[in-house]
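Thanks for coming. Please look at the sequence and the model first.

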Amino acid sequence: MKMERIEVRNAKTDLSGLSLEGVCFEVAGKQILGDLSLRTESARIGVVGRNGSGKSTLSRLIAGLINPSSGSISLNGISPAKDRKAALTEVGILFQNPDHQIIFPTVQEEIAFGLRQLGQTKDEAAQGTERTLARFGKSHWIDANVSTLSQGQKQLVCLMAISAMQPKTVILDEPLSGLDIPTGIQLRKYFSGYPGNLIHITHNPEDLREFDFALWLEGGRLVDSGNCDDVLMQYKAQMNKWGATDDISDLSD
Amino acid sequence: MISLTSPIRTKAHYWPASIKLGSLCIATALLFLIEDIWVLISVFTLVMLTYALPGKVFLLNGLRQLRMLWPFILIVGVWHVWIGSFVDGGVIVVRLVSAVALANLVTMTTKLSDMIDVISVILRPLHALGLKLKVVEIAIALVIRLTPVLVSKGSQLSDAWRARSERAPSWRIILPFIILALDDTDHVADALKARGGLES
Amino acid sequence: MEKNVALIALFAALIAALGLMPKLMLGFGVPITAQNLGVMLCGTILGSKRGAMSVLLFLLLVAVGLPLLSGGRGGLGLFVSPSAGFLIGWPVSAFVTGLIVEKWRGPSLAVVAGIASVIGGILVLYAFGIVGLSIALDKSLLETTGLVTAFVPGDFIKSVIAGMLTAALAKARPASVLSVS
């Protein structure tokens with residue numbers, strides 16, 4: 001496995017795109033991510049890796065929910081962890097389980113929440129909610145109770161709630177893991193329709209069909225990054241190789 | 001979940017929990033009957049020496065547990081300096097710290113499982129009222145198992161909030177938290193039934 | 001039976017989890033420890049008997065040495081400390097809170113649960129707490145009452161929140177509020 005820094009620089013200014021420099025993250029003495037460095041301006045970034053490779057931690061670092069232990073992260077020129085105010089309109093994040101994300105009991109409240117947090121008045125937020133629902137073709141959901149929705153519908157509400165804030169980048173942290181195949185395919189269509197950038201974290205290469213850049217994490221380190229199809233080919237080969245072993249028997253300590 | 005039992009093994013770790021608890025009750029009762037400051041200071045010194053016996057780490061751990069008393073010590077201290085009766089204030093403070101220190105000593109030298117065994121004995125009379133021991137043991141195990149799970153779900157909800165707001169989560173986040181706990185209740189009840197159930 | 005045990009255990013875990021998570025904020029940047037709120041909710045949601053049993057289970061686990069009290073506190077020392085009265089009062093307060101919600105078909109659930117939380121979570125709880133504190137600190141009941149008044153506003157706000165949360169839960173999951181079903 002190659003472990004080297006790969007930088008993809010574009011002709012545009014260094015301020016745009018995603019940039020990681022020597023990013024490390026450790027908690028309670030254990031290193032979760034080690035020395036990640038990369039730079040890309042791709043609008044469709046895939047992140048693959050096994051469970052426990054550090055993908056979710058990376059997603060939360062880019063979303064600015066946690067601070068790196070060392071190194072720096074820059075998304076379109078801002079530091080998402082330090083500049084939370086700018087981060088709210090710069091990056092949004094969709095998690096795996098909608099039941100662990102939705103805070104309010106009605107669709108209306110859930111979508112309006114982010115807008116109120118951005119400083120909008122109740123009326124402005126209500127209008128923004130209606131516009132978002134219309135954009136997704138779900139205006140008829142305005143009065144719906146979250147408890148009556150299916151898992152896929154709930155995940156869509158989460159996407160809309162983030163979308164309402166119109167972040168330039170949306171991080172998708174394995175959002176399709178718990179859904180059945182048709183629901184996954186349908187949601188993927190909503191993802192590809194998103195006008196901003198996407199960073200899709202997944203262990204299923206199917207999710208990255210139209211993506212151009214991918215990075216592969218293993219054991220908290222960057223194994224490979226670059227053209228999505230190339231990275232995925234290497235990744236799939238390695239996954240199959242590991243599938244032939246029995247390392248599920250090993251206990252972590 | 002890590003209990004407060006000290007990993008540093010002392011002789012007391014091997015004494016029966018029931019004896020330790022019984023002695024603690026007697027000692028605490030006696031402590032509250034003593035009014036003489038010098039006797040109390042001697043008792044306190046004895047307790048601290050006992051903490052020091054297993055070594056510095058044990059002592060520091062014990063002192064850390066006593067830290068929570070500082071507001072009370074402060075209140076009593078200021079109060080009695082104000083009214084000018086230092087000795088009375090001293091009696092209250094030394095007695096307090098000694099009682100808590102003794103009780104914590106039992107906690108630090110007794111394994112969780114030994115404690116639960118004593119609890120089982122104490123709860124036996126309640127069998128007549130319908131309280132089955134097996135149920136209590138399972139309930140204890142469930143709480144230990146599920147608390148970290150709930151904490152992790154709470155963190156996730158908190159993340160989902162912070163991803164859309166500069167401010168820390170407000171009380172509103174407790175609602176989805178309760179709903180998640182209620183959903184877990186159904187799963188746990190099913191799991192219990194599938195493994196034989198509690199009626200027997 | 002299994003459902004009851006699971007409910008009681010989960011709400012005990014809920015109280016523990018509320019103590020282990022970082023403090024929540026009231027609207028205007030004032031932090032509150034949510035654990036007492038958890039005890040109120042045991043009463044308003046589970047009712048008197050189950051609510052009290054949940055709190056008792058929680059206290060049992062604190063007593064046997066688990067650091068479940070907010071701030072990572074636990075062990076037998078707490079039960080001879082000045083705050084022991086409050087700990088002993090907790091299951092009683094949950095019982096009283098639950099009883100009021102069960103028996104009183106008042107104007108609205110939010111109001112009923114809120115007032116029940118004030119009566120159980122403040123009046124009853126503080127009665128126990130003040131007695132315990134006055135014994136430990138060797139002060140008169142009146143003097144001790146003076147000491148604790150500073151905490152009443154915070155707990156009053158928590159009672160209001162408990163009322164609102166209970167009503168919101170009843171709206172989102174009507175069957176789960178056992179105290180009124």
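Before the helices, a word on angles: axes are lines fitted to C-alpha atoms, for helices over the stretch in contact, and angles run from 0 to 180 degrees between N-to-C directions. Helices (H or I, at least four residues) and strands (E, at least two) are DSSP runs, numbered from the N terminus. This is a predicted model, in which local features need pLDDT of at least 70 and side-chain atom pairs count only at pLDDT 80 or more, while totals for chains, interfaces and linings use all residues. Residues are numbered from 1 along each chain as its sequence is written, and chains are lettered from A and ligands numbered from 1 in the order in which they are written.

Chain A, then. Helix α3 (residues 107-117) of chain A packs against helix α5 (residues 151-163) of chain A at about 30°, and their axes are 7 Å apart. Which residues meet here? On the α3(A) side they are V107(A), E110(A), I111(A), F113(A) and G114(A); on the α5(A) side, V157(A), M160(A) and A161(A). By type, the residues of this contact are 6 nonpolar, 1 polar and 1 charged. Here Ala, Val, Leu, Ile, Met, Phe, Trp, Tyr, Cys and Pro count as nonpolar, Asp, Glu, Lys and Arg as charged, and the others, Gly among them, as polar. Contact means that the C-beta atoms of two residues, placed from the backbone, lie within 7 Å.

Next, the sheet. Chain A has an open sheet of 6 strands in the order β6-β7-β8-β4-β9-β10, with mixed pairing. Two strands pair if DSSP finds at least two bridges between them. At the edges are β6 (91-94) and β10 (221-227) of chain A, each pairing on one side only. Neighbouring strands are turned by 15° against each other on average, direction ignored. Inside the sheet, β7 (residues 169-173) and β8 (residues 197-202) of chain A pair in the parallel sense over 5 bridges, and V170(A) stands opposite L198(A) in β8(A). Helix α7 (residues 228-243) of chain A packs on the sheet and touches β4 (44-49), β9 (213-218) and β10 of chain A. The direction of α7(A) makes about 135° with that of β10(A).

Last, chains B and C. How many residues are in contact? There are 56 from chain B and 49 from chain C. On the side of chain B that touches chain C, α8(B) gives the largest share, 12 residues. That side divides into 40 nonpolar, 12 polar and 4 charged residues.
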